[in-house]
Every structure is written in C-alpha cells, then in structure tokens.
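The sequence and structure come first.

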Amino acid sequence: MRGFLSKESENSSNFHVSKNMRECANSRQNKKVCLKCEQVCPKGIINRNRNFASSLNECLDCNLCVAVCPTRAISFSSLNVDKIKKVLNTKEEIIRVGCYESRNNKNLELYCISSLPWETIAFLALNKKIVFDKSECRQCKNSHLLEIFNKNLQRVKEFLGNKSFEDHIVISED
C-alpha cells in the first residue's frame, strides 16, 4: 500500500488514534473553533479541556474522529489500519463493510460504517467492490452518524464519477 495510509503506517505503534496538534484546524487558524472531533467522540475523550494522550486508554478505536477531521490531523488507530490492510490483501473481490451490530456477513467490521473518511472509501473502491451494510443503522443509537457517512459517500461519488461509483459501491439495507 505504497502512498496511501503511509502516515498511518508510520504511526502503527500507536494502538489508538493519534492527533497531530500542529495540523489541527484549531492550531492553524483562530477564526472559528473546530469541534468536530469533540462532538463525534462517543466516549467524550477528545476534549480541549483534557489531555488527549492521557485519555486514550478510554478510546474505543471507532475512528469517527478520523472521519470528521477536516485537516486530517487525526490518524487511524493501528487496529483499524491492520483491518484495512488485511481486507485489501485477501483474494476476496468484495469488501463487505459492517458495524459490530451487523449480523450480515462482513469482512471489514468497524465500530460504525461512518468511521471511514471519504479518501479511504475511494481508495478501497479503486481496488475492490465495496458493499456497505446499513441493515442495523435505523435502530442504532448512533443513527445520527449516517449524516457523516452520506457526506463521505457524496464526496466519493464526486471523486470517482457516477459510473465508477455505481460499479464499485453498493449500499445494502437488508
């Protein structure tokens, strides 16, 4: 996987997500405070008033903060990098993405299907067909996160174009 996930490969000793404070929007500008990672963290560990590193032992490795960070200052946890590499290196032609609640067959299990940034979805789609399992999303306590997923899919569609998107990405709701 030359190039893609290279930053994450360098940080693979970090079991949990890591945040490069110099790249954070709040460090780069003073116009408007960015709260995206704080607002999406299910454990509330990403907080301007707490030390990020000392809170990581509470981290779920959901990677939702990675998916919403506008400057990509937050890197994947090594756990999720390994999952992505593993599914890319299998002979299976289809990547079936589902959350931990999904009872359907999946070869890439995530905390939430919304936890993949659009760039990761695009990279996966350029390599294999992807089927996203949304069967549990309607009754999920985190259903509000589908807005992130939908925005990321829209960006992937803009990047790949309609035909390539339709050829490589399927949304399953059963």
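Is Asn142 buried or exposed? Asn142 is buried, because its relative accessible area is 14%, where buried means under 20%, exposed over 50% and partly exposed in between (1.4 Å probe, protein chains only). The model is predicted, so local features need pLDDT of at least 70 and side-chain atom pairs count only at pLDDT 80 or more, while totals for chains, interfaces and linings use all residues. Residues are numbered from 1 along each chain as its sequence is written, and side-chain values use heavy atoms, with hydrogens and water left out.

Asn142 sits in the loop between strand 5 (129-133) and helix 8 (146-160). Helices (H or I, at least four residues) and strands (E, at least two) are DSSP runs numbered from the N terminus. The side chain of Asn142 makes a polar contact of 3.3 Å with that of Tyr111; such a contact is a pair of N or O atoms within 3.5 Å, and within protein one must be able to donate a hydrogen and the other to accept it, with residues adjacent in sequence counting only if both atoms are side-chain atoms.

| Residue | Relative accessibility | Class |
|---|---|---|
| Asn142 | 14% | buried |
| Glu101 | 41% | partly exposed |

Glu101 and Cys137 are 36 residues apart in sequence, and their C-alpha atoms are 9.0 Å apart in space.

The protein has nine helices and six strands, and 45% of its 174 residues are buried. Beyond its neighbours within four places in sequence, Leu124 is in contact (heavy atoms within 4.5 Å) with residues including Ile84, Leu88 and Ile130.

Sixteen residues line the largest pocket, with Lys36, Ala67, Val68, Ile148 and Lys151 nearest its centre. On a 1 Å grid over the protein atoms alone, a pocket is an open set of points where a 1.4 Å probe fits, with protein on both sides within 12 Å along at least five of seven lines; lining residues have an atom within 4 Å of a point. Helix 8 gives the largest share of the lining, four residues.
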